[in-house]
Amino acid sequence: MGKRNFYVKPQDKLEDTSTFEGFDIPINEGDAKRIDRLVDNYESQIMMHLDEAYVNATKWPERLADRIASFGGSWAFILIFAGALALWVLWNTLWFTRSLHFDRPPFILLNLCLSFIAAFQAPIIMMSQNRQAARDKHESVIDFAINYKAEQEIDDMQSHLHRIEGKLYKIEQLLVSLDERRNENRS
C-alpha cells in the first residue's frame with residue numbers, strides 16, 4: 001500500500017480552506033496533514049501486524065536461515081570472502097611462507113572448502129527464498145482482500161450516486177412541471 005497524499009489547493013491566501021482535487025470537499029491544511037498521518041499510522045499498523053505474525057509463525061532455525069541468507073547475499077560477505085580467498089592463496093604461494101604452506105597449488109583443500117560452503121549455503125538461501133515467497137504470497141492475498149473490499153465500497157457508492165441522480169432527476173422534473181404550471185397560471 002502506497003502513501004496517499006491528498007492534494008490541497010489553497011483558494012484564498014487569507015483563508016486556509018482548500019478542496020480535495022476532483023471532489024469539491026472543503027478541507028484545510030491541518031485536516032489534510034491529519035488524514036495523511038492517519039493513513040500512515042494505519043499502514044504501519046498493518047505492516048507491524050504482518051511482521052508480528054511472521055515472527056510468531058517462524059522458528060529460530062528458520063530465522064537463522066534468513067539471517068544467513070541475508071548475510072550471504074550482501075556486499076560484506078563478498079568482500080570478506082574475497083579477502084579470505086586472497087589471503088589463502090597468498091599464504092600458500094609466497095616464498096617466505098613456504099614452510100607454513102598447508103594447501104599447495106592447485107589448492108585442493110580450498111576447492112573442498114568452497115564446495116562445502118556452496119553445498120550448505122545454497123539450500124539455506126533456497127529455504128529463505130521459499131519462506132519469503134510464502135510471506136509475499138500472504139501479503140498479496142491481504143492486498144487482494146483490501147482491493148476487493150475497496151472495489152465493493154466503490155460499487156456501493158456508485159449505486160448510491162445513481163439513486164441520488166435518479167431522485168434529483170425526479171425533483172428536477174417536478175420543478176419543471178411546477179414552473180410550467182406557474183407560468184400557465186400567470187398567463
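Tutor: Before we start: UniProt positions are given here in the numbering used for this chain, and such annotations may be inferred rather than shown by experiment. Also, this is a predicted model.

Student: Noted. Which residues does UniProt list as "transmembrane region"?

Tutor: The UniProt entry, an unreviewed one, lists residues 68-91 and 107-127.

Student: How much of residues 68-91 is helix, and how far apart are the ends?

Tutor: That span is 92% helix and 0% strand. Its end C-alpha atoms lie 28 Å apart.

Student: What's going on in the backbone around P105 and P106?

Tutor: The peptide bond from P105 to P106 is cis. Its omega is near 20 degrees. P106 sits in the loop between α3 and α4.

Student: What about phi of F107?

Tutor: Phi is near 55 degrees. That is a positive value in a residue other than glycine. F107 is in the loop between α3 and α4.

Student: Switching to the surface. Which residues form the nonpolar patch?

Tutor: W91, L100, F102, L109, L112, F116 and F120. Together they have about 710 Å² of accessible area.

Student: Which element gives the largest share of that patch?

Tutor: α4, with four residues. F102, another patch member, is found in the loop between α3 (75-91) and α4.

Student: What lines it?

Tutor: L50, A53, Y54, A57, T58, R131, A134, R135, H138 and E139. α1 (29-57) and α4 (108-186) each supply at least two residues of that lining. The largest share, five residues, comes from α4.

Student: How do the lining residues divide into nonpolar, polar and charged?

Tutor: Five are nonpolar, two polar and three charged.

Student: R131 is in that lining. What does R131 form a salt bridge with?

Tutor: With E62. The closest N and O atoms are 3.7 Å apart.

Student: How many salt bridges does a search of the whole structure find?

Tutor: Three. The R131 and E62 pair is a salt bridge too.

Terms used. Residues are numbered from 1 along each chain as its sequence is written. This is a predicted model: local features need pLDDT of at least 70, side-chain atom pairs count only at pLDDT 80 or more; totals for chains, interfaces and linings use all residues. Side-chain values use heavy atoms; hydrogens and water are left out. On a 1 Å grid over the protein atoms alone, a cavity is a set of points where a 1.4 Å probe fits but cannot get out, and a pocket is an open set with protein on both sides within 12 Å along at least five of seven lines; lining residues have an atom within 4 Å of a point. Ala, Val, Leu, Ile, Met, Phe, Trp, Tyr, Cys and Pro count as nonpolar, Asp, Glu, Lys and Arg as charged, and the others, Gly among them, as polar. Patches are made of residues with over 30% relative accessible area and no salt bridge: like charges are joined within 9 Å, nonpolar side chains (Val, Leu, Ile, Met, Phe, Trp, Tyr) within 5 Å. Accessible areas come from the Shrake-Rupley method with a 1.4 Å probe; for residues, only the protein chains shown count as cover. A salt bridge is a side-chain nitrogen of Lys or Arg within 4 Å of a carboxyl oxygen of Asp or Glu.
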